[in-house]
Amino acid sequence: MKFSFRPTEGAFYELFSRAAQNLVRGTELLNELALPGVDVQSVSDRLTDVEHDSDQITHDLYKKINSTFITPFDREDIYSLGSQLDDVMDHLEAVGNLLYLYGLTELPSLPREMHELVTVLDQQAKITADAMPKLKTMKGLEEYWIEINRLENDGDRAYRMLLVRLFSGEYDALTVLKMKEVADELEAACDAFEHVANTVETITVKES
Amino acid sequence: MKFSFRPTEGAFYELFSRAAQNLVRGTELLNELALPGVDVQSVSDRLTDVEHDSDQITHDLYKKINSTFITPFDREDIYSLGSQLDDVMDHLEAVGNLLYLYGLTELPSLPREMHELVTVLDQQAKITADAMPKLKTMKGLEEYWIEINRLENDGDRAYRMLLVRLFSGEYDALTVLKMKEVADELEAACDAFEHVANTVETITVKES
Amino acid sequence: MKFSFRPTEGAFYELFSRAAQNLVRGTELLNELALPGVDVQSVSDRLTDVEHDSDQITHDLYKKINSTFITPFDREDIYSLGSQLDDVMDHLEAVGNLLYLYGLTELPSLPREMHELVTVLDQQAKITADAMPKLKTMKGLEEYWIEINRLENDGDRAYRMLLVRLFSGEYDALTVLKMKEVADELEAACDAFEHVANTVETITVKES
């Protein structure tokens with residue numbers, strides 16, 4: 001393996017940015033689920049494609065860490081950030097996949113609170129994609145993580161109200177169980193965005 | 001931002017102690033749920049107040065880390081400890097909030113195993129509050145984390161027996177699902193106390 | 001406490017290896033659950049014995065860290081690896097314990113996908129046990145963590161198909177809930193093997 005002896009920091013920021021942009025593609029696909037007459041299988045398949053692309057980015061990032069002599073910040077933090085961005089994608093993909101596998105699309109429509117959670121995820125994805133290039137200067141990141149935390153609180157509230165609706169008696173027990181799985185993945189994605197932000201915060205604190 | 005150049009360690013121990021004392025207030029509120037004729041909405045509201053207070057303490061702690069030149073131990077560990085104490089509070093608040101939201105208080109009484117879990121949490125909170133000031137000297141902490149782990153095992157057993165009861169056929173499926181959510185938050189709170197203790201252990205090992 | 005001043009690295013590798021070998025014993029016990037006329041209580045009891053043995057190993061490891069002056073790699077990583085190996089065992093034990101507690105053994109047979117998950121765990125355990133002695137030279141570990149991740153993906157797929165079956169209407173709601181708990185522990189064990197592999201990867205990257 002060839003080692004580069006001067007910092008090739010640019011490649012790291014580039015990979016983080018591409019990973020975060022994939023999350024925007026992911027949440028945009030989830031947004032399509034609110035459209036009338038949506039083809040859920042197609043959404044699920046395209047989410048799987050995006051997820052594979054994210055896996056490749058994570059893999060490239062790890063290879064880059066191993067072949068780079070001087071990294072822009074701690075190797076472990078680069079690892080954490082990469083794997084946490086990947087975790088978000090895994091949860092987004094699971095949402096589409098489960099909706100399709102469980103045949104939940106035969107319901108006339110998904111509960112409103114599910115769409116609220118998708119909207120939160122979409123906003124989290126966009127500000128995460130905006131934040132990644134700022135790692136270069138470490139400036140303007142505080143707003144980002146405060147906003148991610150605020151959105152995660154919104155997501156939490158939407159999740160709780162979703163469960164209240166699921167347990168209200170409106171649906172039969174098996175449908176409730178299926179929807180609960182989807183709801184849990186949506187909520188895990190919200191949390192996963194927060195983990196990304198926490199790692200960015202840790203990096204910033206160390207470097208300041 | 002003004003930087004203080006000599007260690008102002010006292011402030012850190014003070015914030016950890018206040019965070020842990022809030023957890024005692026939290027578990028005492030959960031204890032009220034065992035009282036006959038309890039007003040669950042009022043308990044839930046007061047838990048939310050305590051949770052907001054904890055958020056403020058965590059926020060103050062983070063600001064303190066960023067404005068302090070020399071911290072009593074690794075910045076990352078101070079972060080971890082602060083956020084883990086905050087996590088416990090989030091789970092305690094969720095218990096009260098879900099019981100209220102799901103209207104579970106209309107049941108004649110909650111299962112005995114739920115109260116056992118609350119008793120475990122109450123003990124964990126008290127010994128955590130006793131342990132925090134000991135971070136100053138790093139003495140007498142081994143007993144604390146051994147005891148937290150022992151209590152977490154008790155909580156685990158109570159949780160398993162609670163699920164056995166919930167799945168026994170005594171309750172209808174939707175009630176089981178609601179109670180399971182509450183049970184999961186109680187168990188997550190037990191685990192979260194253990195995470196706090198693990199971080200204390202890590203800090204002690206590093207400094208020894 | 002007596003401190004040893006020259007590296008007694010051997011003891012660490014020995015403890016990691018024994019912990020991983022216990023996981024092989026654990027998954028072999030889970031394999032017995034597929035046998036016709038199996039005595040589930042006996043399997044559960046023997047899993048508990050193995051789990052106690054694992055606890056003892058973890059305890060010995062922690063004592064060793066505290067009494068050793070120079071450790072073969074970062075103290076925190078030794079801690080992580082030890083506690084993550086222990087986590088796997090906790091999930092394996094929970095599987096046997098829950099099957100017994102919930103009386104799921106009165107079903108004519110467990111779903112095929114559950115056995116697929118056990119097969120994945122068995123393979124993960126074996127390659128983990130093979131990998132631990134390689135920590136000494138840090139050679140040949142890349143294959144191990146790639147294979148663990150591949151197996152974890154297999155486990156994930158089996159888990160999803162298991163939920164599809166559980167939610168298909170084949171079982172009543174309470175049986176679904178019980179089996180779901182068991183399924184979650186199986187999946188958590190798969191994940192926990194991946195956490196072990198991630199820590200091994202982190203250690204290798206740091207040392208390279």
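Which residues does C:Thr27 touch, not counting residues up to four places away in sequence? I shall begin with that point and then turn to the core and to the arrangement of the chains. Please keep in mind that this is a predicted model.

C:Thr27 lies in helix 1 of chain C, which covers residues 9-32. With neighbours up to four places away in sequence set aside, C:Thr27 touches C:Leu92, C:Val118, C:Leu121, C:Asp122 and C:Ala125. The relative accessible area of C:Thr27 is 0%, so this residue is buried. Its side chain also reaches the backbone oxygen of C:Val24, at 3.2 Å.

Let me move on to the nonpolar core. The largest such core has 213 residues. Those with the most contacts inside this core are Phe16 and Tyr144 of each of chains A, B and C, namely A:Phe16, A:Tyr144, B:Phe16, B:Tyr144, C:Phe16 and C:Tyr144. To take one of them in detail, A:Phe16 is in contact with A:Leu61, A:Phe73, A:Ile78, A:Leu81, A:Gly82, A:Leu85, A:Met132 and A:Leu135, leaving aside its neighbours within four places in sequence.

Finally, I come to the relation between two of the chains. Chain C is superposed on chain A by a rotation of 120°, with 0.0 Å of shift along the axis and an RMSD of 0.0 Å. The two copies are therefore related as by a three-fold rotation axis. The copies use different surfaces, for 12% of the contact residues of chain C recur in chain A. Which residue of chain C comes closest to the rotation axis? That residue is C:Ala173, whose C-alpha is at 3.8 Å from the axis.

Definitions and conventions
Residues are numbered from 1 along each chain as its sequence is written. Chains are lettered from A and ligands numbered from 1 in the order in which they are written. This is a predicted model: local features need pLDDT of at least 70, side-chain atom pairs count only at pLDDT 80 or more; totals for chains, interfaces and linings use all residues. Side-chain values use heavy atoms; hydrogens and water are left out. Copies are superposed by least squares on the C-alpha atoms of residues with pLDDT of at least 70 in both. Contact means heavy atoms within 4.5 Å. Helices (H or I, at least four residues) and strands (E, at least two) are DSSP runs, numbered from the N terminus. Buried means under 20% relative accessible area, exposed over 50%, partly exposed in between (1.4 Å probe, protein chains only). A polar contact is a pair of N or O atoms within 3.5 Å; within protein, one must be able to donate a hydrogen and the other to accept it, and residues adjacent in sequence count only if both atoms are side-chain atoms. A nonpolar core is a set of buried Ala, Val, Leu, Ile, Met, Phe, Trp, Tyr and Cys residues joined through side-chain atoms within 4.5 Å.
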